[in-house]
There are 2 protein chains.
Amino acid sequence: MTAKTVLIVDDEASIREMIAVALEMADYRVLEADNAQTAHAMVVDDQPDLVLLDWMMPGTSGIELARRLKRDTATAELPIILLTAKSEEDNKIQGLEAGADDYITKPFSPRELVARLKAVLRRATPTGVEDTVEIDGLRLDPVSHRVSANGEALDVGPTEYRLLQFFMTHQERAYTRSQLLDQVWGGNVYVEERTVDVHIRRLRRALGDDHQHLIQTVRGTGYRFSTKE
Amino acid sequence: MTAKTVLIVDDEASIREMIAVALEMADYRVLEADNAQTAHAMVVDDQPDLVLLDWMMPGTSGIELARRLKRDTATAELPIILLTAKSEEDNKIQGLEAGADDYITKPFSPRELVARLKAVLRRATPTGVEDTVEIDGLRLDPVSHRVSANGEALDVGPTEYRLLQFFMTHQERAYTRSQLLDQVWGGNVYVEERTVDVHIRRLRRALGDDHQHLIQTVRGTGYRFSTKE
DNA sequence: CGCTAATGTGACAGCTTCGTGACAATCGTG
DNA sequence: CACGATTGTCACGAAGCTGTCACATTAGCG
């Protein structure tokens, strides 16, 4: 088994250092970032297996970054452990709601940190890598987060990307607007059902004349992705 | 799709009224109760699909009722949305711990209320799994929501689809027009019986020459789906 | 072979669902 | 903070579906 990579996000260098040492002794690869901005970039570029995220940071807070990562399909599966200086319940709950998989209250022992980190990694879905899907000349690459038709790049918005990814991995099946909202938008969003129509429209337009027939309307029900007919 | 029933529990008549109007405009059936006692009785008797529960009420508080409903297996699955006048985090947390599926802070817009109610109901509704049926080269696939004859897709309207699905899962048995209206259209619709004939006609046409013999007329009674004769 | 009741069929007005462009609010970014 | 991108919502028209009718056709019966 190859060593797991952990991204530490904290603005205090001393803490990063302390954690890094502990993790390296436990045979993890370590990346560091001191703000949410670069952290996000590193998640995209280096694809760590887990993120250790400080709750309190100047600028975008840790929790914001967590939300952002969980919202994006490409990074939604990435396990996150929140570090929090306060032991207040509020933080715990907000953190877990934001999608964190665990949280650790400072001060903590390196031992404890490593133990919980292992536990989270163990729980983490082994899916990890998402495959590139190519159907009928239409190609979606989760790694580069790009869509192309016959080699030519298509301009697809974030929501349309998620929608397309969902469809391409769930072909030949009709979904109601409700189900799409659940699957693509996420369970607890309060959005009108007709909004789905609009994004279907945007996706169809982005796919161009060659491929929009793949997104089919199932009258009275919803939509379906299919190569047939 | 049958209308969902929502039980509003609040001691202030004016608030109930406001909510009731909003919900009725969105095509929900509305029940009202002004205390936890009667609310509990109505849950048992009328089996609403969702409960909108005020947090602050004289006597047994809303949260008590929520706990009680969640504790009882018969009502544990019933989604509950808490209404709370205070925006304090504490309430939110207690409410969610008591088993509420969502909470809304007053004041709220009717729009928001309906939107969140929809979202909660969406999550609560289990997706029924239905099997593909294939008879004599005619195939109906509930998953892709498609009908095909010997592999070729058929263009079937929504009502004809439901009609065919019913027939294919209830072969070799004659149904009166009245029974078909009950089973396919749904219990409480007022529709002329002859309307069934028209949809039978449309279904037969959609099935094409190869398969329309499957839909048989039972003179003086109604229709039957059968491969025989 | 006529007669009658039951069923088949085409047409159509009204209704529902879907496609689409516009727009304001929000988000992400420099 | 300002700009462009993205998002959710709406209004309106187009397209499709539904229920009903009027009339044609058929089955059953004496």
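1. Axes here are lines fitted to C-alpha atoms, for helices over the stretch in contact, and angles run from 0 to 180 degrees between N-to-C directions. Helix 6 (residues 158-168) of chain A packs against helix 8 of chain A at an angle of about 85°, with the axes 9 Å apart. That makes helix 6 of chain A roughly perpendicular to helix 8 of chain A (angles under 35 degrees count as roughly parallel, over 145 as roughly antiparallel, 65 to 115 as roughly perpendicular and the rest as oblique). Helices (H or I, at least four residues) and strands (E, at least two) are DSSP runs, numbered from the N terminus.

2. The model is predicted: local features need pLDDT of at least 70, side-chain atom pairs count only at pLDDT 80 or more, and totals for chains, interfaces and linings use all residues. Residues are numbered from 1 along each chain as its sequence is written, chains are lettered from A and ligands numbered from 1 in the order in which they are written, and side-chain values use heavy atoms, with hydrogens and water left out.

3. In the chain A helix pair, A:T159, A:E160, A:L163, A:L164 and A:F167 of helix 6 meet A:H199, A:I200, A:R202, A:L203 and A:L207 of helix 8; contact means heavy atoms within 4.5 Å. By class, this contact has 6 nonpolar, 2 polar and 2 charged residues (Ala, Val, Leu, Ile, Met, Phe, Trp, Tyr, Cys and Pro count as nonpolar, Asp, Glu, Lys and Arg as charged, and the others, Gly among them, as polar).

4. In chain B, the axes of helix 6 (residues 158-168) and helix 8 come within 10 Å and cross at roughly 85°. These two helices of chain B are therefore roughly perpendicular to each other. Residues making the contact include B:L163 and B:F167 of helix 6 and B:I200 and B:L203 of helix 8.

5. Chain A has an open sheet of 4 strands in the order 6-7-8-9, with antiparallel pairing; two strands pair if DSSP finds at least two bridges between them. Strand 6 (133-135) and strand 9 (152-153) of chain A stand at the edges, each with a single partner strand, so one side of each has no neighbour in the sheet. Strand 7 (residues 138-141) and strand 8 (residues 146-149) of chain A are joined by 4 bridges, and A:R139 stands opposite A:S148 in strand 8. Helix 6 of chain A packs on this sheet, touching strand 6, strand 7 and strand 8.

6. In chain B, strand 11 and strand 12 (residues 222-225) pair in the antiparallel sense over 4 bridges. B:T217 has B:Y223 as its bridge partner in strand 12. The hairpin has 3 residues between the strands, and B:G220 takes a positive phi near 85°.

7. DNA strand C is surrounded by 28 residues, the closest being A:R201, A:T217, A:Y223, B:R201 and B:T217; a residue is near a molecule or strand if one of its heavy atoms lies within 4 Å of it. By class, this surface has 4 nonpolar, 6 polar and 18 charged residues. Helix 8 (194-207) and strand 11 (215-218) of chain B are among the elements that each supply at least two of its residues.

8. Of the atoms of DNA strand C within 4 Å of the protein, 64% belong to sugar or phosphate and the rest to bases. A phosphate oxygen is 2.9 Å from an N or O atom in the side chain of A:R204, and a polar side-chain atom of B:R177 lies 3.2 Å from a phosphate oxygen.

Notes:
A polar contact is a pair of N or O atoms within 3.5 Å; within protein, one must be able to donate a hydrogen and the other to accept it, and residues adjacent in sequence count only if both atoms are side-chain atoms.
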